Amino acid sequence: MTPPSNVIEIRDLARTFGGGRTILGTKKPQLTAVRGVSLDLRKGETLGIVGESGCGKSTLARMLVGLDRPTSGAIRLDGKDLSSSGTRALARRVQYVFQDPVSSLNPRQTIRDILEAPMRHLLGLGSKERKERLEKLIEDVNLRPEFLDRYPHEFSGGQAQRIGIARALAAEPDVVVLDEPVSALDVSVQAQVLNLLDRLKRERGLTYVFISHDLAVVESVATRVAVMYFGEIVETAPARELFRAPLHPYTNLLIRSAPVPNRKRQKASGDSGELPDPYDPPPGCPFAPRCPRAEDNCRAAMPALEAKDRGKDHRAACFHPLSRR
Amino acid sequence: MTAAAASSRDDRSSGRERRERPSTFALILNNRLAAAGLVVLCLIVIAALAAPILPLADPNATDPASRLAPLLSPGHLLGTDALGRDMLSRLVWGTRVSLVVGVSASLIAAIFGSAIGLVAGYAGGRTDQMLMRLIDLTMAFPYILLALAIVAILGPGLINALYAIAIVNVPFFARNIRGITVGLARREFVDAARLSGKGPLTILWSDILPNVLPTIVITLSTTVGWMILETAGLSFLGLGAQPPQADLGSMLGDGRKVMFTAPTISLVPGLMIFLIVMSINLIGDGIRDALDPRLRSGALARPAFRTKVAKGRRKADTDGEQEPLPADAGGVGLDPLPAGEGGNRYPPLPCRASPPQGGRSPSVGLSERSISPLEGEMPAGRGGFQGRDGDDVASDRNDNPVLAVRGLETDFHIGRSVYHASNGVDLTIRRGECLCLVGESGSGKSVTAMSVMGLVPSPPGVIAGGRIGFKGEDLADAPDRRIRELRGGAVSHVFQDPLATLHPLFAVGDQIVEAIRAHQPLGKRAAEAKARDLLDLVRIPNAAQRMKALPHELSGGLRQRVSIAMALANDPELIIADEPTTALDVTVQAEVLRLLDTLRRERDTAVLFITHDFGVVSEIADRVAVMYAGRIVETGETAEILTRPAHPYTRMLIDCVPVMGEPERRLDAVPGRPPAVNRLPPGCAFADRCPRVQPDCREGEIPLETKRGSLEARCLHPLGPGEALAGGADPLEARP
């Protein structure tokens, strides 16, 4: 029943933090970070997930690799539900690259220890095989073999991130989830890492989930983009399509807000930038209070994510989508 | 492949940059007290270890005939005790016993306590609750009572005393280690270890324990002395070592009975306990100072009120005539703090539609000057500061720059090396003008900005040269009182992370009121009214209510607005904004940028804005200065520098970032890394990374000079207008 082109299918995935009751029986506050996300990841694509802080994109990413367990919903890998089987089962196929390269490397282990761990614990390789693979791996990410015996603090941010990428690849995954992989890097080395990711993807036939708040970066790497707002996906479309003519007013606001060299904005839009209270979510569309196109029906119910008039790949959760410019 | 080329060069440079920091052991030895403690302890330990081979009398042989012999009696150097036993021999053997018991008790406590702490901290939840409540239970008793109870159950004896002391000290370790582990268990490298397929026990053993080990060692080194004291205490009470065995505590106990007839008998073991415990504590402190990363980084050292200014500060014009600092002709003079009572909140500053008074003449740049090494002696500054001709000075006077930094040199003294973070920087900002300082991290842009108000932490920072002209006075010479008056008054700051700069425990309204009242003679009411107006001004909805909010109750965007309100509180003439929007989301960033831009235009405030994002630059800047390795390498008007830069570095910095609307553009990383600022190469610091490098780039001082239009660049082979670097098409020209 699963079309072969989908590597991962996410169905109604939700994650709630807190909740329950205290010893005295009073309710604890409950926060829903991801509220019913459904998404397909197609083989060989780079799916960009964009959204601002607090929109749930990092929680979604952590659930994808099993670092966090969903409250409800399913993550199907080649048709098999792995959402509750924990890190190990998912880590074989799905790996993760962290935002902060330096803090994601153990300061007291050599690069060799760090890179060998996935080979030993996930692939069960012997020491000879590990050694061969290590050398190939470290060259693949443009680092020299003698770096293997150094400690993380001896590396710059860009080098450390290449080590982070090497660690993700050491487990030979099919899918790599990249959580803001260049945000912590200096502008001058971002391109190095982006170019490296591009080459590795081509050479190894990888599928990427690329999470970022930087629209310019996502535009340059993604083939398809999903926009998240307040724990929900509000729009998905092929990257070009989305950036050229967005359907959802939030996507439009995001695109217009990104600063571009040599383009000065005219005047203030008066947008508050405030998210709804996550402990007391509004009944309708969470973007309605900020939305210039909001009408009464927006505040009554959440619109479904569905195809509008731009073909079945371009879907938006909006009652009053923007028209093509 | 660009990335490959980039990385290989990149990698080579890192080899040289291995640590220069002295080793931990050297650090301990450097600490004189710790070294003294180490010497004393070593002597004691050697004596104790060598007890069996030393020519000592039998410590337990009684000789009633020569009882209570005084010090220095023949055959008994330290005299004898009430039973005629040789004190020296008993002292050495007793020390041996006390040391062994104290150290073993510490080790046992460390092992069990740390294990409990590690498991509790990593597992969290119920396991943590259970273990820690048990620990709390043992901590609820006074320790000596607990030890006594344990000995009472186990029976007296040295080994039982050892157990008692170890058990009593387990909570101490458990709590300490748990605290550290809780922090570590949430770190990303632990997540990474889980993704590598490691189980919880493997993670505890191979990932967390090595990071906790320094803490265990620190705790151990500071508790061993205490444990020896406790062992002595129990023995003193007769619950530890049993007669005739000697340990320091029991010797003390024996001496007590003859305290008045022969005080030396209790004095000698007492002195030994003192020596041991003190030497161990001194070493412990030394170890802690050397291992604790916070102490190591100097974070716990109290920073000086302002950056130290070197005594023999180079003033850039030592051999030329004194360059007049820009004076303020507007009459605002040295009293930039107008009282804001009543309706007239803001001084009637001249209103002006966009461009600054200076117009667009080339001299608006960072001081234009001609370079002719033949005609004048080069001044002493290392930034290649050149004398200025008379015209320039005149135009400066007319334009009344708010800030005129000349040849600023800010150094960091770390260990034996000196880092020239800011290496001869000139900046000029006029009223109502916004200058953006752009560069990679480590280029010195923040240090330059912090130097203006002396906010660079000292030690290690030192202003080694240059002048900081603020409306005619040199801030580097100004007295502390004047600096305090200016800070938050005429010159205010907005930092990157408002959560870190706002006080977490006070309502934001109170913090703004405090900022107002520190500079203006206003009553509480009036200041509150003004604070509310300020919050309205930065468009915080519902300002009256938000006054009572604590910083953590506000979103990131609102917090930064509060910081901006606070910066505006005393009608500053200069706002120094250090990456104020970097931590914000794009939609919020857009609003905050627009707000800052509008406010500075309305109030004619000068802004020094630091950023690394050229998109942000074009939103807000009138002029741009690009910094590299502590120097300004290019400066000019925003539009010109963004479209047609002259310096290859500026071009590369612009080209390496993806731009919205141009997804097809090939990204070229800047190869390599910036040079370390403690050993800058001669000539151009960018030469190693520059595709246009020629042999002459690596020789001599390259001055900042006018290239074309408003652009000044520190480059011998600048780019032509719109010229791209070899290899890539100019994306801006190529755009349809």
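1. A salt bridge is taken here as a side-chain nitrogen of Lys or Arg within 4 Å of a carboxyl oxygen of Asp or Glu. By that criterion Arg62(A) and Asp191(B) form such a pair, with N and O 2.8 Å apart, and the search across the interface of chain A and chain B finds one salt bridge. The model is a predicted one, and the points below should be read accordingly.

2. As for the interface itself, 73 residues of chain A are in contact with 70 residues of chain B. The area buried between chain A and chain B comes to about 6200 Å², and carbon and sulfur atoms account for 52% of that area.

3. Over all chains, the structure holds 52 salt bridges. One of them joins Arg11(A) to Asp40(A) at 3.0 Å, N to O; because Arg11(A) belongs to strand β1 (residues 6–18) of chain A and Asp40(A) to strand β2 (residues 30–42) of chain A, this pair ties together parts that are 29 residues apart in sequence. Arg11(A) is partly exposed at 27% relative accessibility, and Asp40(A) is partly exposed at 24%.

4. Arg224(A) and Glu45(A) make another salt bridge, their closest N and O atoms being 2.8 Å apart. Arg224(A) lies in strand β9 (residues 224–229) of chain A, so its pairing with Glu45(A) links parts that are 179 residues apart in sequence. Arg224(A) is buried at 7% relative accessibility, and Glu45(A) is likewise buried, with a relative accessible area of 7%.

5. Glu306(A) and Lys308(A) also meet in a salt bridge, at 3.4 Å from N to O; Glu306(A) is partly exposed with a relative accessible area of 40%, and Lys308(A) is partly exposed at 24%. In chain B, salt bridges with shared partners connect Asp81(B), Arg85(B), Arg90(B), Asp254(B) and Lys257(B) in one network.

6. Helix α4 (residues 87–123) of chain B has 37 residues and should span 54 Å at 1.5 Å a residue, which agrees with the 53 Å between its end C-alpha atoms. Just after α4(B), Gly124(B) adopts a positive phi of about 65 degrees.

7. The count of disulfides over all chains is zero. Cys684(B), for one, is in no disulfide, since a pair of sulfur atoms must lie within 2.5 Å and the nearest cysteine sulfur, that of Cys697(B), is 6.1 Å away. Cys684(B) is buried, with a relative accessible area of 15%.

8. On confidence, chain B averages a pLDDT of 80, with 83% of the residues scoring at least 70. Residues 318–324 of chain B stay under 50, and the model gives this stretch 13 contacts beyond four places in sequence.

Key: Residues are numbered from 1 along each chain as its sequence is written. Chains are lettered from A and ligands numbered from 1 in the order in which they are written. Side-chain values use heavy atoms; hydrogens and water are left out. Buried means under 20% relative accessible area, exposed over 50%, partly exposed in between (1.4 Å probe, protein chains only). Helices (H or I, at least four residues) and strands (E, at least two) are DSSP runs, numbered from the N terminus. The expected span of a helix is 1.5 Å times one less than its number of residues. pLDDT is the predictor's confidence in each residue, from 0 to 100. Contact means heavy atoms within 4.5 Å. Buried area is the accessible area (1.4 Å probe) that two parts lose on being put together, summed over both.
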